[in-house]
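Take a look at the complex below. This report covers how its parts meet.

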Protein chains: 2
Amino acid sequence: MRWEEVDSQVCSIARTLAIFGDKWTLLIIRDAFRRVRRFSDFQKSLGIPKHRLSDRLNKLVDAGVLKKILYDEKRARYEYRLTPKGLDLFPVLMTFVQWGDRWATDQDGSPVVFRHSSCGEISQPKYVCNHCEEEVNARTFQPEVGSGIAKKLLRGEMSTDDAGRLNEVIY
Amino acid sequence: MRWEEVDSQVCSIARTLAIFGDKWTLLIIRDAFRRVRRFSDFQKSLGIPKHRLSDRLNKLVDAGVLKKILYDEKRARYEYRLTPKGLDLFPVLMTFVQWGDRWATDQDGSPVVFRHSSCGEISQPKYVCNHCEEEVNARTFQPEVGSGIAKKLLRGEMSTDDAGRLNEVIY
DNA sequence: ATTATAGGGTTCTAAAATGGAACTCGTCAA
DNA sequence: TTGACGAGTTCCATTTTAGAACCCTATAAT
């Protein structure tokens, strides 16, 4: 595919990357989770050029990941806040944190740790099957054709070739 | 920060994005999990220009995420395979899949579903606390200064200002 | 009343990243 | 001997980015 077609791929990873697959966007989201809300605060925190930030924020609002909330009517000033769609990125950020903690820190260790307010412990969350609660990994998880592909095959909008290799695949 | 400084940020998200924060890299990783291994197969699968693919594969090898395995001595042909460091990206990809399934599919639903071979069920994995096993979200997870920041504060390599807002933060 | 400042945007140019096509260079198979 | 394959490279046009300067409105300071 060409990059402009990425978001029309029948692949949730590709479609998600179509929104977040650039240098800055996920850092903006990270800051939003840290309660950064205003244009100038994002700019200070990230050091991103203004027009780039402006562009990214608008795209995230268009994508429904952030919403603008008026806080100064006269000057038309807005805060940028996570929508439910944006808040749902929490696991994405946490997997980045965990991977970075394991593979991309210096000798000082994890910059930040997380305390789970429900149990009070410092937690390293894990990714488990919602049926048996066992931790999952690439070897125990096999992809199968889902409705998103199956329906397109039925309607003849996809070739089995495109969908083909799925059942011989690790992940 | 400027982008070149991103990987020196004391932030695991920033450091992870320094490797994967571009259009193609995570799609290459996705394909690697799908057992795509050879240059031409990546190219066919992705439609990425060859020199771009070449560059990305080399960077991933340098980063220790992929390794080259000789499969044809005479012609010096290599396969690209995930290292343990690369395999550890599985949760990252799965969170992308889940977010995309929830927020970026058409009406046909999830393109791909996953069966957990341990229990035999179609699974929607969830992210749980490793102590109490409760599912986590932004509200129940509070960041605290970890050793990576604490040690730098002690050595005077960071200002409390940089570390400051951590304890009033959601995520 | 005048000036300064904050917040948010634009516009311009130079530098970097990207895409597309053509070219190379050993093998291998017909 | 010719053609094709796999894995690159090289060159050039296009797009994306960064950095700086400039603009505009409304409040705050003198």
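In this predicted model, H1(A) and H2(B) run roughly antiparallel to each other, because the angle between them, about 170°, is over 145 degrees. Their axes lie 10 Å apart. From H1(A), the residues Ile13(A), Ala14(A) and Leu17(A) meet Leu26(B), Leu27(B) and Arg30(B) of H2(B). By class, this contact of H1(A) with H2(B) has 5 nonpolar residues, 1 charged residue and no polar ones.

The wider chain interface comes next. In chain A, 86 residues are in contact with 86 residues of chain B. Several elements of chain A each supply at least two residues to the side that touches chain B, including helix H1 (12–20), helix H2 (25–33), strand E5 (141–145) and helix H7 (147–154). H6(A) gives the most, with 13 residues.

Strands also cross between the chains. E5(A) pairs with strand E3 (residues 112–116) of chain B in the antiparallel sense, over 5 bridges. Here Phe141(A) stands opposite His116(B) in E3(B).

Now the DNA. Around DNA strand D there are 18 residues, of which Arg52(A), Lys74(A), Phe39(B), Ser40(B) and His51(B) come nearest. Helix H4 (50–62) of chain A, helix H3 (39–46) of chain B and helix H4 (50–62) of chain B each supply at least two residues of this surface.

The table sets out two surfaces by residue class.

Notes: Residues are numbered from 1 along each chain as its sequence is written. Chains are lettered from A and ligands numbered from 1 in the order in which they are written. This is a predicted model: local features need pLDDT of at least 70, side-chain atom pairs count only at pLDDT 80 or more; totals for chains, interfaces and linings use all residues. Two residues are in contact if their C-beta atoms, placed from the backbone, lie within 7 Å. Helices (H or I, at least four residues) and strands (E, at least two) are DSSP runs, numbered from the N terminus. Two strands pair if DSSP finds at least two bridges between them. A residue is near a molecule or strand if its C-beta atom, placed from the backbone, lies within 6 Å of it. Axes are lines fitted to C-alpha atoms, for helices over the stretch in contact, and angles run from 0 to 180 degrees between N-to-C directions. Angles under 35 degrees count as roughly parallel, over 145 as roughly antiparallel, 65 to 115 as roughly perpendicular and the rest as oblique. Ala, Val, Leu, Ile, Met, Phe, Trp, Tyr, Cys and Pro count as nonpolar, Asp, Glu, Lys and Arg as charged, and the others, Gly among them, as polar.
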